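Student: Hi, I have a new model to go through. Can you walk me through its sheet and its salt bridges?
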Amino acid sequence: MKCKETSKPIFSFFVSMEHPLLLLCTFLIFSTYLTTTHSLTIPRLSPISEWEKTLQDPTTFVASDAKEFYYNQTLDHFNYRPESYTTFQQRYLIDFKYWGGADSSAPIFAYLGAEEALDNAPSNIGFLTDNAASFNALLVYIEHRYYGKSIPFGSREEAFKNASTIGYFNSAQAIADYAEVLIHIKKTLHAKKSPIIVLGGSYGGMLATWFRLKYPHLTIGALASSAPILYFDYITPPNSYYDVVTRDFREASETCYETIRKSWSEIDRVASQPNGLSILSHIFNTCNPLNNSSSLKDYLYFLYTIAAQYNRPPRYPVSEICSGIDGASSESNILSKIYAGLVAYRGNTTCRVNGPSNVSETNFGWTWQTCSEFVIPIGIGNNTMFEPKPFSLKLYANECKKHFGVLPRPHWITTYYGGYDIKLVLKRFGSNIIFSNGLKDPYSSGGVLDNISENLIALHTVNGSHCLDILAENKKDPEWLVEQRKKEVEIMKGWISQYYSDFGAFK
């Protein structure tokens, strides 16, 4: 879908739930920033950023042998009204290439889809294909309801028509979907004794964690990569996300950090001058003239946050930006240096800011999710390289009510899944979960970073980024990343060995 970028705050365009496609075209692609007037957007939770997908090295893609299937899924798992029994087609993929078969009770690895279509999962989540052969594992990828081709009510227009049709769009329904699909797969393949390990990244990592806790009879373990399950209900301080973004840039270069910190007031100063917006448009090579300075700031917020969240080797985007800023000529002013950082990261394209973009339709789904149950209170404090923007739950809730007709439930995630006193709680009944994180990832601030028990393991790397461990292996991978993945594989093999041992003893 080709849409035109806009410089206005994201929620000002939610024209009506009656026109979802129009809404999508006016939905701002930059879903990873806080606007100058509202603290409303929550950074996307995805193993790979939308921008990064356009930059991927084709040699890192994994050829997929996965076959596409559909399951006749129940609309509402938790009620018994007549409409609850409505069904829709839920997509899932199976890769049989490495499977040892049902007769040998070979394991099943299930990737739990998150807030996007499933199409690229077999290629992007290379951890599964890289290791499936050593496990003789069946690989399953299940698409999240309301994303991709797994749309209830027959069409996207009907599914997103109003709060009544979109109200079935939540995480509890999603993991119940996964349970039904996995039961169906095991029954169809006569694989009753095959153990299942679920895996997910980011939001999918949350789902994997919660699936293990809610459905322990269906899975023997979960690998939850970059899952900020503690970034709810103020368990994690709201400013933590942007604190980490700032730390990443400051560790890369103190002068880069200072330049960015000073740039916001300089943008405002230039914008206030006669023809100031024209000057900014020229400096930053905008596709269309700026109507206000906030659209430029929003773009830069987006740039810096995705660079930090996906600060991966071998590129290390934060270092790229800072190299551009610090490498600008000594005669360059602050804004010229900022532009040099932008070029260093995104290349010397024809124009930036206020230009046409391919806007993912899944951005709307994520906005609904964060306006209903996933209220992640992200704000910006006084000690970052950004302008302070505290999170306001009242403002957030009012805007969600205005545009979706419902109020968010900021306490529901901790009520339904838990989160408070997680070490004390989970050590009493939880088991077999790997919480993996990279500390360069701003969302790691809301992750589990310490072991809870001997089988609730936290693996983190100092230089790691968002979901890096579950992506495909690369010859350029640093040793610390190779070791992290080896540890994950060893732990998973231990789960499976224990399962076979327990099953044999029981038999």
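Student: In what order do the strands of the open sheet come?

Tutor: The order is β2-β3-β5-β4-β6-β7-β9-β10, eight strands with mixed pairing. Strands here are DSSP runs (E, at least two residues) and helices are runs of H or I of at least four residues, numbered from the N terminus; two strands pair if DSSP finds at least two bridges between them. This is a predicted model, where local features need pLDDT of at least 70 and side-chain atom pairs pLDDT 80 or more, while totals for chains, interfaces and linings use all residues. Residues are numbered from 1 along each chain as its sequence is written, and side-chain values use heavy atoms, with hydrogens and water left out.

Student: Which strands stand at the edges?

Tutor: β2 (67-74) and β10 (456-461) do; each has a single partner strand, so one side of each has no neighbour in the sheet.

Student: How do β7 and β9 run, and how many bridges join them?

Tutor: They run parallel, with four bridges between β7 (residues 221-225) and β9 (residues 433-438).

Student: Changing topic: how many salt bridges does a search of the whole structure find?

Tutor: It finds 19, where a salt bridge is a side-chain nitrogen of Lys or Arg within 4 Å of a carboxyl oxygen of Asp or Glu.

Student: What does D65 meet in a salt bridge?

Tutor: Its partner is K97, at 3.7 Å from N to O. D65 lies in the loop between α2 (50-53) and β2, and K97 in the loop between β3 (87-95) and β4 (108-112), so the pair ties together parts 32 residues apart in sequence.

Student: Is K97 buried or exposed?

Tutor: K97 is exposed, at 55% relative accessible area, whereas D65 is partly exposed at 38%. Buried means under 20%, exposed over 50%, and partly exposed in between, with a 1.4 Å probe and protein chains only.

Student: And R145, what does it pair with?

Tutor: R145 forms a salt bridge with D177, the closest N and O atoms being 2.6 Å apart. R145 is in the loop between β5 (138-142) and α5 (156-159), while D177 is in helix α7 (residues 171-188). R145 is buried at 0%, and D177 is buried at 0% too.
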